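Colleague: Could you walk me through how to read the inside of a protein model? I would like the general idea and then the case at hand.

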Amino acid sequence: MDQLVVVEHPLVRHKLAQCRQVETEAWHFRGLVEEITALLLYEAVRDFPMTDTELVTPVTAATVKMLSGSDPVFVAVLRAGLGMVPGALRLFPYARAGHIGLYRDHDTHVPIEYYCNLPPDIDDVDCFLLEPMLATGGSAAYAVNVLKRAGVQRIKVLSLIAAPEGINAIVKDHPDIKIYLASLDEKLNDKAYIVPGLGDAGDRLFGTA
Ligand code: URA
């Protein structure tokens with residue numbers, strides 16, 4: 001499936017393994033998520049345009065390549081997506097960030113939007129949706145719709161771990177977007193947790209369980 005990029009770099013695998021460990025404390029977990037996000041983003045911007053730029057080094061004048069597009073926008077799905085924002089902004093300090101808040105209706109399990117704050121003029125910028133766990137994929141698919149409704153034309157999803165069900169749901173609704181992952185795990189359990197997964201990413205980040 002060419003929509004899916006699983007970043008199998010040893011550093012990503014090692015840091016994700018540390019995230020999975022039940023003993024890993026929130027302060028450590030947050031640092032690992034930050035680092036993994038930066039490594040995923042490094043892969044996800046490989047196609048960014050570059051332009052020849054004249055500059056002077058301490059040794060000589062030179063023509064070098066520099067990024068030529070506008071800074072990307074990062075959109076975190078609340079609340080666990082917040083943990084990915086620092087790693088993304090570390091690579092692109094001038095980027096803007098938006099937030100989308102969703103919860104699942106208790107009976108219908110349909111995602112309900114309770115918050116949306118996106119930067120202005122984002123139709124012609126690269127937009128990265130930050131959602132660490134693609135379990136059923138319902139929230140991410142909904143959030144991509146929110147971005148499309150706002151006019152965004154170039155969307156990529158960055159995520160730590162997905163279940164096959166989550167990938168299938170996103171790909172079915174959005175065959176036009178790419179998904180960058182640290183791991184495609186085995187399955188969902190009967191509580192919709194990813195197996196083996198890492199538990200509830202929001203709780204692991206913020207120490208709420
Ligand atoms: N959300 C999480 O944080 N973890 C899962 O395993 C599934 C959904």
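**Cores, a helix face and a ligand**

Modeller: The largest nonpolar core here has 36 residues, and Phe-128, Leu-158, Leu-160 and Leu-198 have the most contacts inside it. A nonpolar core is a set of buried Ala, Val, Leu, Ile, Met, Phe, Trp, Tyr and Cys residues joined through side-chain atoms within 4.5 Å; buried means under 20% relative accessible area, exposed over 50%, partly exposed in between (1.4 Å probe, protein chains only). This is a predicted model: local features need pLDDT of at least 70, side-chain atom pairs count only at pLDDT 80 or more, and totals for chains, interfaces and linings use all residues. Residues are numbered from 1 along each chain as its sequence is written, and side-chain values use heavy atoms, leaving out hydrogens and water.

Colleague: Which residues of helix H5 are buried?

Modeller: In general, an α-helix has 3.6 residues a turn, so residues three or four places apart point the same way. In H5 (residues 164–173), the buried ones are Gly-166, Ile-167, Ile-170 and Val-171. They fall within an arc of 125 degrees seen down the axis, so they line one face of the helix (the arc uses directions from the helix axis to the C-beta atoms). Helices (H or I, at least four residues) and strands (E, at least two) are DSSP runs, numbered from the N terminus.

Colleague: And which residues surround the ligand?

Modeller: Met-133, Ala-135, Ala-192, Tyr-193, Ile-194, Gly-199, Asp-200 and Ala-201 do, each with a heavy atom within 4 Å of it. A backbone N or O atom of Ile-194 sits 2.8 Å from a ligand oxygen, and one of Gly-199 is 2.7 Å from a ligand nitrogen.

Conventions:
A polar contact is a pair of N or O atoms within 3.5 Å; within protein, one must be able to donate a hydrogen and the other to accept it, and residues adjacent in sequence count only if both atoms are side-chain atoms.
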